[in-house]
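Hello,

Here is the structure I promised you. Please open it first, then read my notes below.

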Amino acid sequence: MSSHFGVQEDEESGDSGEFVRSTDKHEREFLEKADEELEKVNTFYAAQEAELLGRGEAIIDQLRILADVKRILADHAATRRARRTLSAVAPSSPALSGSGLATPQSMSDGSVELQQAQMTEGAAVADEVMAALERNGVSFVGLPGKKDSKAGRLQLPATVRIDIPASNPGRAALKVWEELVNVLRKDGADPAAAFVHRKKVQHAEKNIRDAFMALYRGLELLKKFSSLNVKAFTKILKKFVKVSGQQQATDLFSQKVKGSSFSTSDKVLQLSDEVESLFLKHFAGNDKMVAMKYLNPKQPKSTHMITFLVGLFTGTFVSLFIIYTIMAHASGIFASVGDTAYHEVVYHVFSIFALISLHCFLYGCNLFMWKSTRINQNFIFDFVPNTALTHRDAFLMSAFIMCTVVTVLVINLFLINAGVPYTNAVPGALIVLSAGLLFCPFNVFYRSTRYCFMRIMRKIVFSPFYKVVMADFFMADQLTSQIPLLRHTEFVACYFMAGSFRAYPYETCTKNQQYKHLAYVISFLPYYWRAMQCLRRYLEEHDVNQLANAGKYVSAMVAAAVRLQYKATPTPFWVWMVLITSTGTTVYQLYWDFVKDWGFFTPKSKNLWLRDDLILKNKFTYYVSMMLNLVLRLSWTKSVMKISITKNETRLLDFSRASLEIIRRGHWNFYRLENEHLNNVGKFRAVKTVPLPFCELETD
């Protein structure tokens, strides 16, 4: 009797059908294929190992330069303090903060002797720093330390600098100041000025620390790659022996695997230990727990408490919403003769929090899907794993927001029925408390996430002055779908800041001309910010696609302006203008969604109208998503439809349109990150590349 993997040598068993021993030809094909795969693994490992070793050598040399520069500056700062203590003749003159180098302004103050002393000190610092740089491999275009025979000053080469990328306004201003001083140097100013100072050293130290963290992450991934492949080949060979019975051939191939470079090389282990030791000494104060918190951050395990709170707040929200509906119906406050001011306030306040809650809920769905499909959103967004939100956290935020806002509405309606004055101030108090929670400095309610959100919003508002990364333009794209939210926020701010809830009717804001002008600005701002980000990326990357992307947002601004004008003067001419501009913008946006953001319509793709690599198994899902995105992009057609409905029905329709746009955006988010993830995988990007401050460092 033969088993499925059994081998029968008796010729009588040869007619037993599928339970036949593999032929030598098939065994050779298997071993040849395994050998090809082994060669691929070896080649990839060798290339990655060489890259990481070279990167590690460069970063370690940078750390040596940094240590030398810090020591030199500290020594000269101590010398300067001692001189000031002993000096009783001439008053001290301010120097460039923390550097020991005189500024151009200080050269015009004080005595000639003090100026000569400062120049001598600046030249000494420059000599020592240049010597430290040269010891660690920095090469200069000019002749370092050359003296000007006329002025007796040290001529520093223009290439001597700590290169800090101008990724924010502060660094950009620092770079402008440095360039200005370089110009002054050409005119005979002090050559030691603006060479190094404390701020630049701090930036350099942070960059080197981040480079160590990225390097350590890459080394850990390469170690996992090695161990997983050794384990995989071992299991494959065990299975091969069971099927073929070729123990000798298997042993030979197993020895080849064990002798391969990815299995025997210990260079990665040695470099990993060295990186850990250096980071522990220079950046963690010899505290191993602190070092590993940075080098190998872990996402905290989610507890059942979060799941319990999600259910609790969701159930409370549903119960309170039913109570509110019954109270509103009993009091008749939403009848046609009801309190119009109350309608306006409740509609805008509820819409603000409902739209935020819906966006949080959909972001939680995105996080759940990204986790299920192994899309590394933390790497793509450059989030720290131990503080990044999980899908349960996003669901908790969504449920908590809706529970809170409905609780406030119930209390507000109860006070109105009780005849309490100024009851509309209650929703205003909710707005103030929400803003206070957002800016709260205490470590409550996801402080790291709140601060990260505020940092990204700051970078968006000042888009041209900050370097744009994935998280920045991803958040700016979310804002383009939250224009109704910004409009609601505008009304609420006007209503409560103007004191309308106490003395003036709500029409004070809606009919004010300045309010209308501000509404135009708010409708354009998200598109303007996003266009500025595209222009900033074009200036840095010189990618023409960024200009085309900026054109998409400019066309959206034009279409929004035409729709606003049509709303003010609904003539046939403006109807046609709305149709032309909005249709053109929609086609532009759909092309960019499908081709650029999602990567679909790849020529000669094996998946019709899609791309070659798909994460979701069911291709039909992608086609449905494309149709859904197309339909929801056409929601602007409501603006040219003349529908006779009541005021409350108009509010409900506008809220539904805003909600559908957020749903479209949440749907867009998944495919955008799927395409980004596949691009990273295709280019073997698993760790970020941190620019090194001493850019002229050369390693063997």
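Start with K638. K638 counts as partly exposed because its relative accessibility is 22%. (Buried means under 20% relative accessible area, exposed means over 50%, and partly exposed is in between, with a 1.4 Å probe and protein chains only.)

Some ground rules. This is a predicted model, where local features need pLDDT of at least 70, side-chain atom pairs count only at pLDDT 80 or more, and totals for chains, interfaces and linings use all residues. Residues are numbered from 1 along each chain as its sequence is written, and side-chain values use heavy atoms, leaving out hydrogens and water.

**Salt bridges**

K638 has a partner. Its side chain meets that of D654 in a salt bridge (3.3 Å, N to O). A salt bridge here is a side-chain nitrogen of Lys or Arg within 4 Å of a carboxyl oxygen of Asp or Glu. D654 lies in helix 22 and K638 in the loop between helix 21 and helix 22, so the pair ties together parts 16 residues apart in sequence. (Helices are DSSP runs of H or I with at least four residues, strands are E runs of at least two, and both are numbered from the N terminus.) D654 is partly exposed too, because its relative accessibility is 28%.

How many salt bridges does a search of the whole structure find? The count is 24.

Next, look at R633 and D593. Their side chains form a salt bridge at 2.9 Å, N to O. R633 sits in the loop between helix 21 (619-632) and helix 22 (647-682), while D593 is in helix 20 (residues 572-597), 40 residues apart. Both R633 and D593 are buried. A network of salt bridges links D593, R633, E661 and R664.

Now D35 and K256. This salt bridge spans 2.3 Å, N to O. D35 is in helix 1 (residues 24-86) and K256 in helix 5 (residues 247-258), so the pair links distant parts of the chain, 221 residues apart. D35 is partly exposed at 28% relative accessibility. K256 is partly exposed at 43%.

**Annotated spans**

An unreviewed UniProt entry lists several residue ranges as "transmembrane region", including 306-327 and 347-369. Such annotations may be inferred rather than shown by experiment. Residues 306-327 are 100% helix and 0% strand, with end C-alpha atoms 31 Å apart. Residues 347-369 are also 100% helix and 0% strand, and their end C-alpha atoms lie 32 Å apart.

**One more residue**

K239 is found in helix 4 (residues 198-244). K239 is partly exposed, at 47% relative accessibility.

Best wishes
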